[in-house]
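Student: Hi! Could you walk me through this one? I'd like to start with charges and then move on to the rings.
Tutor: Happy to, let's get it on screen.

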Amino acid sequence: MTQGSRRCWPGALVAVSLLVATPSAHAQPQGAPLRIHVRGSAQIDAVAWTEPDGFVVRGSVVDDARSALAGAPISIQAITAGGAPVALPIAEGCAADGAARAREHRASRDGYVIVTDERGAFCLRGRAPLANATLRVRFAGGKLHGAAEARIPVEALAAPLSSVILRFDPPLDAIDLDRQSETVTVALRIDRSGARGPARGALLERERLTIALEDERGVKLAEAATGGDGRARFELDTGRLDRPGRGALRARFDGGATLAKASVTQAIVRHAQVTLALSHPLEPARAQEGVPIDVEVSSSRGPVDGGVVEALRAGEPVGAAAVTSGKARVIAAFTAEREGTVPLSLRYVPAAPYWLPGPELAIDVPVAGPGVWRQIALGAIVLAVAGWVLGGWRRAPKRAAAERAKEPKAAAPPGRAGVRIMGPSERATGWRGAVADAHDGTPIARAELTIVVPAFDGSGVVARASTDDAGEFEIEAEHRSDARLVVRAPTHSSYEQALPPPSTLAIALVTRRRAVLDRLVRWARRQGAPFEGPPEPTPGHVRRVASRVQQHDVERWATRIEHAAFGPAPVDERLEEDLGAEEPKPGVSQLTP
């Protein structure tokens with residue numbers, strides 16, 4: 001069987017269409033919500049062959065979850081090897097002998113047009129032979145699914161063939177590369193209703209039929225024969241598969257004297273667990289200045305690329321770094337009152353669903369005490385302060401301590417959105433500081449900061465400023481107790497809080513991709529089992545559980561979050577709000593059979 005489909009990557013197609021206002025009579029009102037559609041992909045599996053008095057084309061249309069697309073309009077054209085159109089004879093729907101004849105299909109400029117049945121299947125039988133041609137079978141797509149096309153060669157066979165249908169049973173959508181092998185079962189079914197002549201009267205056995213298993217690269221992985229139940233069972237060696245990522249498995253049957261060719265494709269995710277190890281022993285360092293921690297990030301398939309390693313102290317983030325080519329350098333900054341060791345833990349935060357975080361790595365960080373010269377300097381300061389006090393200096397010691405507390409300090413990424421006051425402002429009525437990523441500390445350019453106050457009419461905007469390429473800003477306004485600070489950025493979730501007094505600020509924002517993932521994790525933990533899977537819920541886990549328990553609203557929501565968090569399209573503010581509005585309510589699901 002030949003198949004084809006148009007998709008951005010194996011297994012899924014995310015097409016986000018933004019319907020914006022245009023200057024026309026039916027233009028969308030200004031300020032109206034932006035409508036966003038997430039479409040799945042479609043796939044065509046088909047085969048065609050000649051008969052003494054005509055030809056047959058038979059196939060099916062499914063989505064990326066292998067669910068049938070019923071009522072899908074299919075167009076069929078015939079072309080030569082050079083691409084020239086071929087005239088098509090009158091055709092009719094396939095029907096068993098003695099059954100009512102299906103309606104005729106006369107070829108138009110666009111060829112035949114036929115609609116799939118409730119199983120997503122279609123079949124046409126032409127009234128004249130069609131040799132040396134290729135059929136172009138196309139599904140134009142719809143609101144929920146993208147377009148798909150397949151080119152099916154018409155094979156010249158001496159006798160009519162019975163159609164063969166393959167399917168993965170049970171469906172397999174994930175493969176653990178840390179396991180040595182994975183059991184894959186493919187079921188073969190023979191459709192006798194479409195055969196005529198010798199094939200229809202023959203005893204068609206499903207036993208000892210050879211099925212090959214391939215990956216998305218076309219690499220042959222294994223071969224097995226069907227048993228008496230029509231099932232071929234494979235013990236797939238995972239070592240022959242490609243690295244972690246999205247891919248596909250294809251089962252292929254090459255046909256025989258009475259049976260047509262067939263194939264079926266299943267989108268999969270190959271995943272592996274990530275382990276962390278120190279690149280070298282840690283050297284003593286001063287905690288306030290930041291302790292550099294070099295980490296090796298690997299899996300059973302070699303170095304890991306992407307994601308973030310976070311350092312935590314008592315569960316609170318004290319540093320983070322991006323992973324590149326299996327390495328990450330985390331600068332952990334925290335307070336330590338004395339020399340010794342401080343327990344920290346390192347954890348991996350994946351940026352793609354095919355990397356699974358392993359257990360946290362517990363480490364003891366050696367912390368150095370103040371150096372000799374620093375101790376001398378501190379002693380001199382103490383003596384000077386004591387001399388000033390004895391000399392009649394009137395200012396209270398508590399005030400001096402308060403002033404020293406206002407001095408800016410270097411801070412590690414906090415791991416969550418928020419605003420920290422780092423010190424007093426240089427201006428009595430202004431704010432200055434920087435906006436950075438909450439997890440890796442990367443400066444955020446073109447972030448917009450707005451000071452707003454309640455207003456009966458108008459926007460209520462008092463002042464507005466944007467960050468430069470280094471993520472830094474300055475904004476001037478009169479401080480009011482009812483004012484609020486709103487921070488927005490192109491790729492990060494918005495943050496809002498009460499406006500602090502004029503000061504130097506460190507503002508942290510969380511990326512929208514991470515925000516939508518965090519929303520799903522919080523939802524799954526509120527639901528508990530079976531949605532809360534170890535080590536933490538993922539969109540794929542929630543989607544598979546929802547499919548099993550037939551909570552299809554949850555399945556659709558988890559699929560959209562997976563596409564948003566790991567897909568190629570950027571996550572904008574409208575999509576983030578849309579996913580938040582679609583979050584399933586606790587204990588409420590729209591069950592569909």
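Tutor: One definition before we start: a salt bridge here is a side-chain nitrogen of Lys or Arg within 4 Å of a carboxyl oxygen of Asp or Glu. Keep in mind too that this is a predicted model.

Student: Got it. So which side chain of opposite charge is nearest to E555, and how far away is it?
Tutor: That is R543, at 6.1 Å.

Student: Where does E555 sit?
Tutor: E555 is part of helix α6, which covers residues 552-566.

Student: And what is E555 in contact with, leaving aside its neighbours within four places in sequence?
Tutor: R543, A546 and S547.

Student: Nice. On to the rings: how many aromatic pairs does the structure hold?
Tutor: Three. One of them is W523 with F531, an edge-to-face pair with 5.1 Å centre to centre and 70° between the planes.

Student: Are W523 and F531 buried or exposed?
Tutor: Both W523 and F531 are buried. W523 also forms an edge-to-face pair with W557, at 5.6 Å centre to centre and 65° between the planes.

Student: What does the pair of W523 and W557 tie together?
Tutor: Parts that are 34 residues apart in sequence, because W523 lies in helix α4 (residues 512-527) and W557 in helix α6.

Student: What is the relative accessible area of W557?
Tutor: It is 1%, so W557 is buried. W523 is buried as well, with a relative accessible area of 1%. Ring pairs link W523, F531 and W557 into a cluster.

Student: Changing topic: which residues of helix α7 are buried?
Tutor: In α7, residues 573-581, the buried ones are L575, E576 and L579. Looking down the axis of α7, these buried residues fall within an arc of 100°, so they line one face of the helix.

Student: Let's take L575, then. What is its relative accessible area?
Tutor: L575 has 7% and is buried.

How values were computed: Residues numbered from 1 in each chain as written. Predicted model: local features only at pLDDT ≥ 70, side-chain atom pairs only at ≥ 80, totals over all residues. Heavy atoms only, no water. Buried < 20%, exposed > 50% of the residue type's maximum accessible area, 1.4 Å probe, protein only. Helix = DSSP H or I, 4+ residues; strand = E, 2+ residues; numbered from the N terminus. Arc of directions from axis to C-beta. Lys, Arg positive; Asp, Glu negative; His and termini not counted. Contact = heavy atoms within 4.5 Å. Phe/Tyr/Trp six-rings, centres within 6.5 Å; stacked < 30°, edge-to-face > 60°.
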